[in-house]
Amino acid sequence: MTPRARIIAALVSVAAVVGAAGLYWFAPWRLFTDRTVNETLPTFVSPATPEASSRATDSTTPTGP
């Protein structure tokens, strides 16, 4: 290996290490992502039970005072 090729290989290696360290510390992907979610949680409405609906329409229950 010639001295010029060794210098180029060393420079490429140093550039790769510096580039990897820069990406690790700067983390440019964090510019496009965040950790908070600003969405409301979905609500669930339970269906009425048959027992509760039959009580409401029962004619034997007094409706007045």
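Here is a short briefing on the fold, the surface and a few residues of this chain.

This is a predicted model, in which local features need pLDDT of at least 70, side-chain atom pairs count only at pLDDT 80 or more, and totals for chains, interfaces and linings use all residues. Residues are numbered from 1 along each chain as its sequence is written, and side-chain values use heavy atoms, leaving out hydrogens and water. The protein chain has two helices and zero strands (DSSP runs numbered from the N terminus, H or I of at least four residues for helices and E of at least two for strands).

**Helix 1**
- Helix 1 has 24 residues and reaches 34 Å from its first C-alpha to its last, close to the 34 Å expected at 1.5 Å a residue (1.5 Å times one less than the number of residues).
- Among those 24 residues, the count of buried ones is zero, so helix 1 is hardly covered (buried means under 20% relative accessible area, exposed over 50% and partly exposed in between, with a 1.4 Å probe and protein chains only).

**Surface**
- Of the 65 residues of the protein chain, 2% count as buried.
- The protein chain exposes about 6700 Å², with carbon and sulfur atoms supplying 66% of it (Shrake-Rupley method with a 1.4 Å probe; for residues, only the protein chains shown count as cover).
- F26, L31 and F32 make a nonpolar surface patch of about 440 Å² (residues with over 30% relative accessible area and no salt bridge, nonpolar side chains being joined within 5 Å and like charges within 9 Å; a salt bridge is a side-chain nitrogen of Lys or Arg within 4 Å of a carboxyl oxygen of Asp or Glu).
- F32 is exposed, with a relative accessible area of 73%, and is found in the loop between helix 1 (3-26) and helix 2 (50-56).

**Aromatic pair**
- The structure holds one aromatic pair (ring centres within 6.5 Å, using the six-membered ring of Trp; planes under 30 degrees apart count as stacked, over 60 as edge-to-face and the rest as tilted).
- The rings of Y24 and W25 are edge-to-face, because their planes stand at 65°, with centres 6.1 Å apart.
- Both Y24 and W25 are exposed.

**A27**
- Just after helix 1, A27 takes a positive phi of about 50°, in a residue other than glycine.
- A27 counts as buried at 5% relative accessibility.
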